[in-house]
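Hello,

Here is the structure I promised to send over. Please open it alongside this note.

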Amino acid sequence: MASEQRAHWNADVETMSRDRLRDLQSERLVAQVERVYGNSGFFREFYDAAGVKPSDIESIDDITKLPIMGKDDLRRYRAATGDPFCGTLCVPTASLVKVHKSTGTSGAPNIFGVTQADWDQATDNFARMLWRVGLRPGHRTNNWLEAAMTWHGYSMTAWGARKLGATVYTLEFDNRSVAQTNLELLAGADLNALFIYHPELEVKYLREKGIRPKEIHPNLEFVYSAFLCTDARRRILEDAWGVPYRNMGASGDQYIPASECEYSAPAMHFLEDQFAVEVVDSDTLQPVEPGAEGELVVSNLWAEATPFLRYRMEDVVTADFSPCPCGSTHARVNYRGRYAWSVAVQDRRIFSDDVENVLWAHPATEFAAYQLVKRMSQPQERLRVNTTVQGEPSEGLRDLLAADLERELQVPVDVVFVQPEEIGIGTVKFVRVTTAED
Ligand SMILES: [Zn+2]
């Protein structure tokens, strides 16, 4: 079999037995707990307060002895000490070869550094992630992150692509110029895979110009990106681009390299030799029953500089730890939505993705910018959805959308039409929940 056809970047690790995987995790967790306790002010204080010592951690099964950390714990430490790394840096700053921040979609961003060893491991992890979505040696692709957002940890994905042997064009001056840069400036470059970002802007551009991407890049095999992908969004993307869409890592924090295989979609494989994956109840922080919905908690088992252990990702997920038909033994994580992008209505939790799936199935609100309006006191009695609309807004359309949403979500819904400026699309995705004064 030609190497380009192989299913995995690193088959030994990707297909290892769960027992071997757990041994590897045990070894790495023990070392990581010693590292963070010995070198980081934040973790020493955090673990002392919880009465946990490194010697308490002998295997991966002991991971639940460690307290779960969240963004608020980091912010508190930063407020008290003024340390931009929130006390989590385990190496001298002189060892950092690059520093990144998270997007900060739910508050102040976190700051992460990488050593050279971290850089080498993270780019290898990204190569493995990109191989899974279909990137291969000799492919030509783009990377707007390295071009326009080098502050973001995912900008290292460009080096992951180069590591696996792809050529990477990084010419976007802004992540809103992905279509223009890659379909006009790079016409003739024969790209095989396109890394997209703002689907609503890019698809609008394709349609307005009547562009068929395969006529510009005849060997285009797929488009890919890193956002939560609803069924409605995937259908629109695949129709407009004329090739399959592949999804990967939904969070830049901690350089998490999750990606879909052809069998797992929409769930994404994690690299469990690199990150321990847990699903917990958001209120009790106790593990949920296998397969049940809960909040994703991730432990970084490899980084030297700023590894977070048992870190709340604020994403609501389910996880499947059974082997995948692709051969991987590593967990498949299915994202339900961001906790911050959900609203409690009566006894139900409504995620922005639930609303998007309904709105975007209608021609008048396909790719609409929308927001769920969250009342200060939760749960609220009714769901309010603000949405932009194409063409003339009518009462009939508003009633139709409300009726569809009510049927799908089983809660009372008010739909309000707004102008795009009221929601706003910047260089970072629009915020899908807005909080209203009661
Ligand atoms: Zn798979």
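Below are some notes on a sheet, a helix pair and some salt bridges.

This is a predicted model, in which local features need pLDDT of at least 70 and side-chain atom pairs count only at pLDDT 80 or more, while totals for chains, interfaces and linings use all residues. Residues are numbered from 1 along each chain as its sequence is written, and side-chain values use heavy atoms, with hydrogens and water left out.

Four strands form an open sheet in the order 17-16-15-18, with mixed pairing. (Helices, H or I of at least four residues, and strands, E of at least two, are DSSP runs numbered from the N terminus; two strands pair if DSSP finds at least two bridges between them.) Strand 17 (413-417) and strand 18 (433-436) are the edge strands, each pairing on one side only. From one strand to the next, the twist averages 30°. Strand 15 (residues 370-375) pairs with strand 18 in the parallel sense over four bridges, and Leu372 stands opposite Val433 in strand 18. Helix 13 (residues 395-409) lies across strand 16 and strand 17, at about 145° to strand 17. (Axes are lines fitted to C-alpha atoms, for helices over the stretch in contact, and angles run from 0 to 180 degrees between N-to-C directions.)

Next, the helix pair. Helix 2 (residues 18-39) packs against helix 3 (residues 41-50) at an angle of about 105°, and their axes are 5 Å apart. That makes the two helices, helix 2 and helix 3, roughly perpendicular (65 to 115 degrees).

Finally, the salt bridges (a side-chain nitrogen of Lys or Arg within 4 Å of a carboxyl oxygen of Asp or Glu). By this rule the count comes to 29. Which residues are linked in a network of salt bridges? They are Glu14, Arg28, Arg128, Arg132 and Asp273. Asp273 forms a salt bridge with Arg128, with the closest N and O atoms 2.9 Å apart. That pair links distant parts of the chain, with Asp273 in the loop between strand 8 and strand 9 and Arg128 in helix 5 (residues 116-133), 145 residues apart. Both Asp273 and Arg128 are buried (buried means under 20% relative accessible area, exposed over 50%, partly exposed in between, with a 1.4 Å probe and protein chains only). Asp273 also meets Arg28 in a salt bridge (3.9 Å, N to O). Arg28 is partly exposed, at 28% relative accessible area.

Best wishes

How values were computed. Contact means heavy atoms within 4.5 Å. Angles under 35 degrees count as roughly parallel, over 145 as roughly antiparallel, 65 to 115 as roughly perpendicular and the rest as oblique.
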